[in-house]
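Here's a quick tour of one structure, with a look at its charged pairs, its metal site and one of its helices. Have the model open as you read.

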Amino acid sequence: MYVDSHCHLNFPALQAQLPDILTRMQAANVGHALVVSVNLRDWPGLIALVESQPCLHASVGVHPDNDAEDDDGAEPVLDDLLQRAVHPKVVAIGETGLDYYRLAEPLDWQRARFRMHIQASRQTGLPLIIHTRAAVADTIRLMREEHADHGVMHCFTETWEMARDAMDLGFYISFSGIVTFKSAVDLQQVAQKVPLDRLLIETDSPYLAPVPYRGKLNDPSKVIHVAEKIAELRGVPVSVIEQASTDNYFRLFSKINHA
Ligand SMILES: [Zn+2]
């Protein structure tokens, strides 16, 4: 069985096709998916979605690209996360992190929000889902300063050095469809090196459909193409990547096993 460690199945384009997507997941042997929160405004719909399907779980958090307007002007506070994290189907904190690519300084609010998510992870014991873009040094620095101790670097696109720094802090490395793109030569080298017991796979759907679906609407069933590419790069049977990434999913998001 495969799992998709990061998707946005609650986004309207995907939720509108939910029955078809669930059928495709079953046909592709994709047995679980984590529906990752990006704001609090859409929380009621997200939690209703994961409550409706045993194969779906949720995270709680506010994306670093979300300016406060996306949540009706309200910057999230620690209690917003802690209260929602109590729900039995909420198994992670995020997605959070830093993004210096989409937004420009001053970004003190983004760094403060990231620190607050790390505190929520430490208080709940739930793993962090970290997004980082054009912000490697500050991401690692804040993870160290706030004592982030477990989670996943989602949709990883950075260097081996950053992967190693994150793994040293107890983090997993998750690869998306980007690893299937011809141009992603450096990332493919990272995907060859990440130890099997630290490797996760994801779609980040509806975005980033893997080859041969590039540019189309993505969904969790397509995570198998990410696994196939990593297996090809490493010269191992795809079952090796399937087994390792699924074991890692249930080890990292351990609250699933007790829900
Ligand atoms: Zn995402």
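## Salt bridges and a zinc site

Asp219 and Arg24 pair up through their side chains in a salt bridge, 3.3 Å from N to O; the term covers a side-chain nitrogen of Lys or Arg within 4 Å of a carboxyl oxygen of Asp or Glu. Asp219 sits in the loop between E8 and H9 and Arg24 in helix H2 (residues 18-27), so the pair ties together parts that are 195 residues apart in sequence. Helices (H or I, at least four residues) and strands (E, at least two) are DSSP runs, numbered from the N terminus.

A word on ground rules: this is a predicted model, where local features need pLDDT of at least 70 and side-chain atom pairs count only at pLDDT 80 or more, while totals for chains, interfaces and linings use all residues. Residues are numbered from 1 along each chain as its sequence is written, and side-chain values use heavy atoms, with hydrogens and water left out.

Asp219 also meets Lys222 in a salt bridge, at 2.6 Å from N to O. How exposed are the partners? Here buried means under 20% relative accessible area, exposed over 50%, and partly exposed in between (1.4 Å probe, protein chains only).

| Residue | Relative accessibility | Class |
|---|---|---|
| Asp219 | 2% | buried |
| Lys222 | 9% | buried |
| Arg24 | 33% | partly exposed |
| Arg115 | 24% | partly exposed |
| Glu145 | 38% | partly exposed |

The structure has 14 salt bridges. Another of them joins Glu145 and Arg115, 2.9 Å from N to O. That pair links distant parts of the chain, with Glu145 in helix H6 (residues 136-145) and Arg115 in helix H5 (residues 108-124), 30 residues apart.

Now for the metal. His6 (NE2), His8 (NE2), Glu95 (OE) and Asp204 (OD) coordinate the zinc ion at 2.1 to 2.6 Å. Donors are N, O and S atoms within 2.8 Å of the metal (3.2 Å for Na, K and Ca), and water is not among the atoms, so sites may look incomplete. Along the sequence, the donor residues follow the spacing H-x1-H-x86-E-x108-D. His8 lies in the loop between strand E1 (2-7) and helix H1 (12-15), and Asp204 in the loop between strand E8 (199-201) and helix H9 (223-234), so the pair ties together parts that are 196 residues apart in sequence. His8 and Asp204 are both buried.

Last stop, helix H4 (residues 78-85): its buried residues are Leu81, Leu82 and Ala85. They cover an arc of only 95° around the axis, which puts them on the same side of H4; the arc is that of the directions from the helix axis to the C-beta atoms.
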